[in-house]
Amino acid sequence: MLKTAFFWNERCFWHGGGHYASIAPVGGMVQPLAAGGSPENPETKRRLKSLLDVSGLAKELEMLDAETASYEDLNRIHPASYLEEFKGMSDANGGELGLRTPFLKGGYEISALSAGLVKAALLDVLDGKYKNAYALSRPPGHHCLPDYPNGFCLLANIPIAIEAAIAAKKVQRVAVVDWDVHHGNGTEAIYLERDDVLTISLHQENNYPPDSGAIETIGEGDGRGHNMNIPLPPGAGHDAYIYAFDTLVLPALENFKPDVIVVACGFDASLIDPLSRMLASSYTFREMTIKIMQAADDLCDGKLVMAHEGGYSEVHVPFCGHAVLETMSGSKICLDDPIEPRAKYSQPNARFSGYYRDLIDEYLEHFKSVNTIS
Ligand SMILES: [Zn+2]
């Protein structure tokens, strides 16, 4: 039986830099933190890998490394001017090229490695080597525009992987489901006018980037109807996420009929994430994984790739990621999430659940009117 592949590389944990206290640049009246700076630090990712080792799940997965994405791979998305500037600054002493995108010396190579993990995961799944695959990519990618890095993202990992697979004639139609709590604005911008890549982003309304991710952005030209934004107001919990999945995400996938599904897998919708105000739990991520696997089975022979994006709770990200990987691999290991009891009692009451359902029902009418859902 085919295994679930898990792509990672210790060097991705060595990416870092910048002087932030949470999202506030240090300086003036903002005192530097004692430990670390940016919320995008290695620990959430490293602790997920550590938990897989300690629980024994790592032994059931195919643990793999990958080649760095090539210049040709990067250049399909990013213009030479941007890559040269990034490489030049990285070869010197590092720095920052966009908004909240700090990197150290050698950050260019680590970012290309992060994209390489996603590329290898996608190509291997398309080649039928593994049942499905997870790439523990860092730095993340979904906010990155072709020539402007943004929100900790320096290269557009998922589009780089998709374009490499299309260039190798391994795939034609790809669906990207982005459940990171922030809007997948980079992926959206890159595929806005394309009808061969469906982009879906489920996010906290107006969190990051601000004024981005409205339902009215449906794609342009040939891409019309192929971009789906599902902004949920702060406070949405398990029920709202699952209802949005059943009502909007799954019907859109069914309508589009992809050859493979790629998930931009952020865990920052967690109820204890410092950068969002949502109430998802590991149970939410487990259930969304069950549903997306079922969709992949029905539509594309089970072909499913997850690329790690955000998630800033050092405590909770490992348990959310573990739940996803237990599900992807069909493991009998089932860890207790220590945050789960709190999650259960932190969900919106019936009155507020009704509010989210009504909103999602309104969104359904909108997406039917633009033919994203038939
Ligand atoms: Zn995020």
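This is a predicted model: local features need pLDDT of at least 70, side-chain atom pairs count only at pLDDT 80 or more; totals for chains, interfaces and linings use all residues.
1. Helix α1 covers residues 43-55, 13 residues in total. Its first and last C-alpha atoms are 18 Å apart, close to the 18 Å expected at 1.5 Å a residue. Four of its residues, T44, K45, L48 and L52, are buried. They lie on the same side of α1, because the arc they cover around the axis is only 105 degrees. Residues three or four places apart in an α-helix point the same way, because there are 3.6 residues a turn. The cover over the buried residues of α1 includes α2 (57-60), β12 (304-308) and α10 (316-329).

2. The strand order of an open, 8-stranded sheet is β4-β1-β7-β12-β11-β8-β9-β10, and the pairing is parallel. β4 (62-64) and β10 (227-232) are the edge strands; each has a single partner, so one side of each lacks a neighbour in the sheet. On average, neighbouring strands are turned by 15 degrees against each other, direction ignored.

3. Strands β8 (residues 174-178) and β11 (residues 260-265) run parallel and are joined by 5 bridges. A175 has I261 in β11 as its bridge partner. Helix α6 (residues 157-167) packs on the sheet and touches β8, β9 (197-204), β11 and β12. The direction of α6 makes about 165 degrees with that of β11.

4. The largest nonpolar core contains 106 residues, and F7, A121, I261 and V262 have the most contacts inside it. Helix α5 (residues 107-126) supplies the largest share of this core, 11 residues. Among the residues that F7 touches are L64, L117, A121 and L136, with residues up to four places away in sequence not counted.

Terms used:
Residues are numbered from 1 along each chain as its sequence is written. Helices (H or I, at least four residues) and strands (E, at least two) are DSSP runs, numbered from the N terminus. The expected span of a helix is 1.5 Å times one less than its number of residues. A residue is buried if 20 or more other C-beta atoms lie within 10 Å of its own, exposed if 12 or fewer, and partly exposed in between; C-beta atoms are placed from the backbone. The arc is that of the directions from the helix axis to the C-beta atoms. Two residues are in contact if their C-beta atoms, placed from the backbone, lie within 7 Å. A nonpolar core is a set of buried Ala, Val, Leu, Ile, Met, Phe, Trp, Tyr and Cys residues joined through C-beta atoms within 7 Å. Two strands pair if DSSP finds at least two bridges between them. Axes are lines fitted to C-alpha atoms, for helices over the stretch in contact, and angles run from 0 to 180 degrees between N-to-C directions.
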